[in-house]
Amino acid sequence: MTMPFDARTEISDEALLVAFGNGDRRAAQDLTRRMVPMVLRYASRMLGDGAEAEDVAQEAMLRLWRIAPEWRQGEAKVTTWLYRVVTNLCTDRLRRRRWVDLDGIPEPPDGAASVQAGLEEAERQTALNDALQALPERQRQAVVLRHIEGMANPEIANVMEIGVEAVESLTARGKRALAAILSARREELGYDEN
Amino acid sequence: MTRIDRSEQELEELLQSAAKAGPDPSDALLARVMADADAVLAERSAESAMPVGSVPTSASGGWLNRLLGGVGGWPAVAGLATATIAGVWIGYAQPASLGGVAGGLLAGETAYDLGDLLPDYDSVLAGG
């Protein structure tokens with residue numbers, strides 16, 4: 001007889017967090033497996049820097065471990081809470097960057113340097129990341145949460161602590177700006193001009 | 001199809017593939033996260049393992065601190081302790097100078113009656 005691959009996958013995030021709050025170490029392992037990839041992906045999109053994104057992911061998870069014993073069940077989704085923490089941590093880091101090193105913000109690469117037909121998907125993804133970094137911070141948050149993390153607008157509103165209409169506006173403006181940036185690089189990215 | 005439409009469609013496709021992609025967390029990161037979880041668990045168990053008597057102790061510490069505050073703190077307590085010890089030492093050691101004074105007045109076989117201790121009014125009556 002074979003056991004299910006992971007019977008604990010059916011346990012909700014919240015139940016795992018409460019279990020960890022009661023001292024269950026295995027619950028922390030399950031939460032780490034579930035949450036860290038998501039948190040790291042979002043922080044990477046926001047910061048455009050792998051090492052900084054890892055630091056943010058670790059800090060966000062540490063805050064989750066600390067809040068576990070006081071977690072109020074039914075008030076917020078664990079994922080929403082984490083997205084909000086990551087959003088705030090990224091905002092802090094981006095502000096510090098602005099003050100410390102104005103040249104530290106990654107610039108979109110010079111188009112002439114990489115002009116060639118048939119670029120790989122990875123390079124298009126890099127171009128998307130560069131374009132995301134060029135967006136104003138709030139538009140970037142909204143676009144990443146909506147179109148990459150696949151969240152619904154009310155949940156994004158919760159994470160960003162703004163109204164749903166503001167989310168819609170930020171998402172629409174952000175997407176238009178992204179399309180404009182990428183449109184200027186279509187040829188470079190190997191898209192057909194015809 | 002206009003260039004803008006194409007760009008938007010391409011952007012949609014890019015965003016969709018971005019949703020599937022993303023950096024995989026390194027083993028080192030996962031280990032760091034779990035080490036934090038262990039540290040938090042250890043902190044919590046250390047807090048809950050504190051002896052039951054520790055709370056009353058801290059409460060009596062508060063009582064002691066209030067008392068100390070009332071008499072002027074530790075320097076005042078040091079002064080009180082010095083005075084107490086000096087008193088005890090004088091009581092037991094009976095320095096010679098005190099013995100001389102007390103001996104002149106109280107020593108000997110002389111017994112005193114109540115009348116000896118009363119003032120003498122004879123001179124007043126005689127003058128009357």
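Me: What should I keep in mind about the numbering and the model?
Reply: Residues are numbered from 1 along each chain as its sequence is written, and chains are lettered from A in the order in which they are written. This is a predicted model, where local features need pLDDT of at least 70, side-chain atom pairs count only at pLDDT 80 or more, and totals for chains, interfaces and linings use all residues, while side-chain values use heavy atoms, without hydrogens and water.

Me: How do you know that chain B is in contact with chain A?
Reply: Contact means heavy atoms within 4.5 Å. By that test, 30 residues of chain B touch 40 residues of chain A.

Me: What is the area buried between chain B and chain A?
Reply: Buried area is the accessible area (1.4 Å probe) that two parts lose on being put together, summed over both. Here that comes to about 3,200 Å², with carbon and sulfur atoms giving 60%. L11(B), L14(B) and L15(B) supply 17% of the area that chain B buries against chain A, more than any other three residues.

Me: Why is the pair D38(B) and R25(A) called a salt bridge?
Reply: The term asks for a side-chain nitrogen of Lys or Arg within 4 Å of a carboxyl oxygen of Asp or Glu. In D38(B) and R25(A) the closest N and O atoms are 2.5 Å apart, so the pair qualifies. Between chain B and chain A the count is five salt bridges, and over all chains it is twelve.

Me: How far apart along helix 2 of chain A are R33(A) and D30(A)?
Reply: They are three residues apart, which means about one helical turn lies between them. Helices here are DSSP runs (H or I, at least four residues), numbered from the N terminus. R33(A) and D30(A) also form a salt bridge, their closest N and O atoms being 2.7 Å apart.

Me: What makes a space a pocket?
Reply: On a 1 Å grid over the protein atoms alone, a pocket is an open set of points where a 1.4 Å probe fits, with protein on both sides within 12 Å along at least five of seven lines.

Me: Which residues line the largest pocket?
Reply: Lining residues have an atom within 4 Å of a point. Among them are L40(A), S44(A), Q125(A) and P23(B). Helix 2 of chain A gives the largest share, three residues.

Terms used. Helices (H or I, at least four residues) and strands (E, at least two) are DSSP runs, numbered from the N terminus.
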